[in-house]
Amino acid sequence: MKLLVSNVGSTSLKFKLYDMPSERVLCEARIERVGGDDAIYTYKNRLTGHEERSVGCHVPTYTEGIRLFLEDMCSEHGAAESADEVAAVGFKTVLAKGYYGVHELTDEVMEAMRAYLFVAPAHNGPYLEAIGRFRELMPGAKLVGVFETAFHATIPRERTMFAVPYEWYEKYGIRRMGYHGASHSYVAETLSEAFGATGRTVSCHLGGSCSLCAIEDGKSVDTSFGFSLQTGVMHANRTGDLDPYVVPYLLSEGMGMDEVLSGLAKNGGLRGVSGVSGDMRLVQAAAEEGNERAALAIDMFVNQIVRYAGAFAAELGGLDNIVFTGGIGENSPEIRRRVCEALKFLGLEIDNDANGAPGEGLRQISTVRSGVRALVLPANEELGIARRTYELITGRAD
């Protein structure tokens with residue numbers, strides 16, 4: 001069975017075509033800078049090794065981007081004769097009111113996504129547009145949303161509830177949702193495959209968007225994310241946790257709501273503190289050159305990871321594994337080292353040589369004497385989406 005996974009960003013599109021249930025990737029593509037005439041398009045056929053890259057493409061909307069990929073997918077360098085061979089398209093959808101698992105993207109589910117456009121505007125808007133285009137271009141394929149909240153359905157209620165008036169939960173659904181479910185569930189599945197059990201694990205997805213997840217016996221039992229993606233540890237551009245009274249105070253001081261929201265969601269986080277960038281690589285380079293605000297941003301970032309990891313270790317009653325994934329988690333030995341050294345009171349001992357050495361796949365960066373296993377795992381959210389989509393359309397979902 002051919003199954004396509006589409007990962008939609010605010011200005012990007014990623015595709016992977018899988019053969020299921022073998023989980024073999026047949027072809028893949030990425031489009032950056034959707035929305036203009038300077039898009040970057042890359043395509044690879046994993047069966048033949050054929051690769052192509054185009055810069056300056058005209059991709060004004062998702063429709064053109066999707067068509068561009070489908071044309072290559074069905075070309076002489078493609079992995080299918082026609083789009084009709086694709087049984088389903090799985091999406092890394094984020095949030096829908098009342099729908100927190102894996103669902104076929106019916107009109108009702110899409111309306112529930114629209115209901116939370118205010119909560120996740122940078123995610124739900126692009127997905128709604130892209131899903132609409134796939135409906136038009138691939139009418140025979142079943143469209144499935146693997147919502148980022150799905151993996152966190154097992155979190156105990158006392159950890160999902162906020163201490164707000166209870167009717168806010170009943171009427172408006174105010175509760176801890178949890179996101180990055182595709183990434184954290186992939187961590188849990190990989191540990192189970194590698195070691196036979198996940199044990200007590202803290203999964204650290206660190207990238208442009210960041211979150212930590214407490215995992216016990218393969219199930220999510222807590223998460224740093226709250227109701228929105230604005231919460232938890234600081235992100236590239238988003239503030240993370242914030243005293244809620246900061247917002248009305250700023251409004252009382254004369255700031256407009258749009259200005260406040262922009263500061264929280266676009267100009268906060270690493271970018272806001274450092275004044276340099278939301279890209280950790282650039283922030284680290286600036287810190288090395290003596291930029292004090294950049295150094296402060298890194299100190300804050302590490303401290304917040306350690307705070308959540310320590311709290312989750314307490315909730316779990318100890319820690320067996322800490323896993324680093326995502327762009328920063330995979331590629332910043334310095335952040336990993338600092339986090340691990342701060343957690344040495346748990347018995348964690350990092351192997352600096354292993355931490356600094358390049359590697360592929362799941363790899364250990366703690367010493368053999370360490371009481372906690374520290375691991376690096378390249379993110380593979382698309383595979384998790386493919387698995388959940390396949391389970392739904394074949395009736396094998398739990």
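A: Contact here means that heavy atoms lie within 4.5 Å. The model is predicted, so local features need pLDDT of at least 70 and side-chain atom pairs count only at pLDDT 80 or more, while totals for chains, interfaces and linings use all residues. Residues are numbered from 1 along each chain as its sequence is written, and side-chain values use heavy atoms, with hydrogens and water left out.

In an unreviewed UniProt entry, the annotation "binding site" covers Asn7 and Glu381. These two residues span 375 residues in sequence, yet no two of their C-alpha atoms are more than 8.9 Å apart, so they gather at one spot. UniProt positions follow the numbering used here, feature names are shortened, and annotations may be inferred rather than shown by experiment.

Start with Asn7. This residue belongs to strand 1, residues 2–8. Helices (H or I, at least four residues) and strands (E, at least two) are DSSP runs, numbered from the N terminus. Asn7 has a relative accessible area of 9% and is buried. Buried stands for under 20% relative accessible area, exposed for over 50%, and partly exposed for values in between, with a 1.4 Å probe and protein chains only. With neighbours within four places in sequence left aside, Asn7 contacts Ser12, Leu13, Lys14, Lys92, Tyr127, Glu381 and Glu382.

Now Glu381. It lies in helix 15, which covers residues 381–394. Its relative accessibility is 12%, and Glu381 also counts as buried. Residues up to four places away in sequence are again not counted: Glu381 touches Asn7, Lys92, Glu148, Ala182, Ser183 and His205.

For orientation, consider strand 14, residues 373–376. Two strands pair if DSSP finds at least two bridges between them. Strand 14 pairs with strand 12 (residues 321–325) in the parallel sense, over four bridges. In this pairing, Asn321 has Arg373 of strand 14 as its bridge partner. Strand 13 (residues 363–364) runs antiparallel to strand 14, and two bridges join them. Here Gln364 has Leu375 of strand 14 as its bridge partner.
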